[in-house]
Amino acid sequence: MWRRGQDVRQFRSLRVAVFLGVAAILGVTAAVILPSTTALLERSFVSEREREATNTIDLFATSLRERFQSLIRQKVDAVEQRKTALRDQGDQVVSVLSALRRLAANGGMSETAARNTALQWLSDQPRSEARYVIVYDGEMRVLIHPDASLLGQTLIDGRDMKGRPAFKAAQEDVLQYGDTFSTFPWQSLDATETRLKFGYFRNFEPWGWTVAVIADAEDVQRAADAQMAQMIRDLTNSVHALRLGDRGRAMIFDGQGRLVIPPQGGDAACAAISTAVDSCADAFAMLPQDLPRQDTIAVPPPAGADDVVLYAHLFKPLDWRVTMLLSRDDILGPAHEVTRNQALLLGSVLVLSFLAAYPLSGWLVRPLRRLEVRVRALASQDFTQDAPPDPGLRRMIDDRADEIGRLASAFAFMDETLRAKIRELIRVTEERMRIEGELAAARDIQEGLLPKTFPPFPDRPEINLHARLVPAKEVGGDLFDFYFAEGRHFYFVVGDVSGKGVPAALFMAITRTLLKTSAEKGLTPAEMLAEVNDMLARDNPNTMFVTLFCGRIDLAAGQLEYCNAGHNPPLLLRRGAAAPEALSTVCGPALGVMEDMPYRAMSLDLCAGDELLVYTDGVTEAHNPDKALYGDDRLLRVSAGGMAADPKRFVDRLFDDIDDFVAGADQSDDITVFALHYAGPGADATTAAPEALRSIG
């Protein structure tokens, strides 16, 4: 009874938990959707308004540019017409002077009379402030001038637009180019004011005269100013038509901050946009000094004016700033309206969802409660046996096609699969424990085959050696061995069987036994390898092979005979030598590949203090986590210092260096190192120079 009441309470708690979970999900959803939607709408409206403002100002700037270019073209046309008229009059004057010069040249009159006639003719020409003729010679003396009092005097220069003496510079230009135009300020004919003049200068080379036709240029400027004023009046209507939002206004400033075209409504319209703006001049103060040319930009508002949005375009030809000032509230108002409507809608949905969530949670939880009871019962069941029948679970699977039915089906499948997997796991674990036990025994047997006592021959001072083998797996395919024969001959072998694991270990054991049997016959290393190769290759269905280095030292004579069957070249460390010497001669192929293979032995003389390092490729092919190999170069550096007559310490140092290099990376191959120090035939042995390496095969 107590258990049933507890289950009812748990059922109600689960139902409440589901209801609260649904309510929490809906609440969190609303809390996430509203701010994110508001932010998204604000960004969208700001971006859209920015594009609208930018496009509007760009279109206006394009219209302004076209109007200004038209104004410039009209001014250029007026100037060109004025230049044509001046050039025609100048050509007429030079034509008359040329005619008189030709008449004098043909004897019709004297040169002096021709000049006087020319000056008299020029004096009779019409003159006014609008246009008159001046003639002066190379000494800048005035020959013709509307003011007769200046005749014969040195011409007083004004300054042209480039800051040069106007008449002197014009004379230099016509001497070089034949004619020229110049604009300069000069006194009026009545000497009452200074007016802007435009002159055409022409050289009359025969008499060294410079002819200048001077015209008043201010009428052209007045016409241009009138056209500019008309353009501003036309643009004013366009500027007043540029609006964004309820309060946005456009205006144009010049470079000094003066309003060229004020907004419609003036300063009052600017002040209505923001509390941070008192007048339109405040908008100009917000503009940066380095506005980009031909680009409309959004100007960041200053501190305290966050409710203002400002856009500006620099029209460089007139140094005008086309500016649009907007209220941020006008931009974001539609977004806030959409957000409020969305909040009301979402709130209504939440209320309805909460009302429907509680009965829905009961309907959802009831089958889950049944599954909970079934799951709790799993803890007390024996998974090695089949599951007991459960009619309620079966009905749930058969009658429901929704998620609950699929969950019940998945539970039944899990129960069945779990029982099968546990039974399989028990079987595999037992099998693995059996195999691991056998591998451990095999490893103990393999380690028992290898020499373990070092130094192995304390009563033989001629040699000192140390060796270590570290398999990559429980058992390995590397081997090393050493033994005496006939008292004075010391044999040693180091080999590497192809492959790893148990097959390699068995092949290693066979190879080691055959080698020792051959050595007991007193064979040379080459004869040993040839005999062992034939026996291995004769019955080798798996085509396994072993690389091997076999050496025999005559301790009395200090002679080393060796044979290398495809193995890594050992390193010979001569006493006092700067670097190790690799015994790189290969004497034959690896053992076990093919019968009747020839092997030749090599020989060299050892001196007291010489040392020999034999290793398998597990040393040089050890790799770090980055897959970089230990390599021959690093082995040579570690070996360069020699063993200092202590092979054990050298082997320990080499393995420490390998461990530092691999930095915890998995070992991929067996590693074997054999180090030997030759002390000489006796305590008084001398160190004669070794004979050259020679073949004895």
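**Figure 1. Buried residues of helix α3.** In α3, the residues Ala 166, Phe 167, Ala 169, Ala 170, Gln 171, Asp 173 and Val 174 are buried, where buried denotes under 20% relative accessible area, exposed over 50%, and partly exposed the range in between (1.4 Å probe, protein chains only). The model shown is predicted: local features need pLDDT of at least 70, side-chain atom pairs count only at pLDDT 80 or more, and totals for chains, interfaces and linings use all residues. Residues are numbered from 1 along each chain as its sequence is written, and side-chain values use heavy atoms, with hydrogens and water left out. Helices (H or I, at least four residues) and strands (E, at least two) are DSSP runs numbered from the N terminus. Helix α3 comprises twelve residues, 166-177, and spans 16 Å from its first C-alpha to its last, close to the 16 Å expected at 1.5 Å a residue; the expected span is 1.5 Å times one less than the number of residues. Cover for the buried residues of α3 includes strands β1 (131-136), β3 (179-187), β4 (194-204) and β5 (209-216), contact being defined as heavy atoms within 4.5 Å. Gly 178, with a positive phi near 100 degrees, follows α3.

**Figure 2. Salt-bridge network of Asp 160, Arg 164 and Asp 173.** These three residues are linked in a network of salt bridges. A salt bridge is a side-chain nitrogen of Lys or Arg within 4 Å of a carboxyl oxygen of Asp or Glu. Asp 173 is also among the buried residues of α3. A search of the whole structure finds 22 salt bridges.

**Figure 3. Salt bridge between Asp 554 and Arg 488.** The closest N and O atoms of this pair are 2.6 Å apart. The pair links distant parts of the chain, 66 residues apart: Asp 554 belongs to strand β14 (residues 546-554), and Arg 488 to the loop between β12 (478-485) and β13 (489-497). Asp 554 is buried, at a relative accessible area of 12%, whereas Arg 488 is partly exposed at 37%.

**Figure 4. Two further salt bridges.** Arg 258 pairs with Asp 254, with 3.0 Å between the closest N and O atoms. Arg 258 is exposed, with a relative accessible area of 52%, while Asp 254 is buried at 12%. In the second pair, the side chains of Arg 460 and Glu 462 form a salt bridge at 3.4 Å, N to O. Glu 462 counts as buried, at 12% relative accessibility.

**Figure 5. Open sheet of five strands.** The strand order is β11-β20-β19-β16-β17, with antiparallel pairing. Strands β11 (463-470) and β17 are at the edges with a single partner strand each, so one side of each has no neighbour in the sheet. Two strands pair if DSSP finds at least two bridges between them. Strand β16 (residues 571-573) is joined to β17 by two bridges, and the two strands run antiparallel. The bridge partner of Leu 571 in β17 is Ala 582.

**Figure 6. Nonpolar surface patch.** Phe 545, Val 593 and Met 594 form this patch, with about 280 Å² of accessible area together. Patches are made of residues with over 30% relative accessible area and no salt bridge; like charges are joined within 9 Å, and nonpolar side chains (Val, Leu, Ile, Met, Phe, Trp, Tyr) within 5 Å. Accessible areas come from the Shrake-Rupley method with a 1.4 Å probe; for residues, only the protein chains shown count as cover. Val 593 lies in the loop between β17 (581-582) and β18 (602-605) and is exposed, at 51% relative accessibility.
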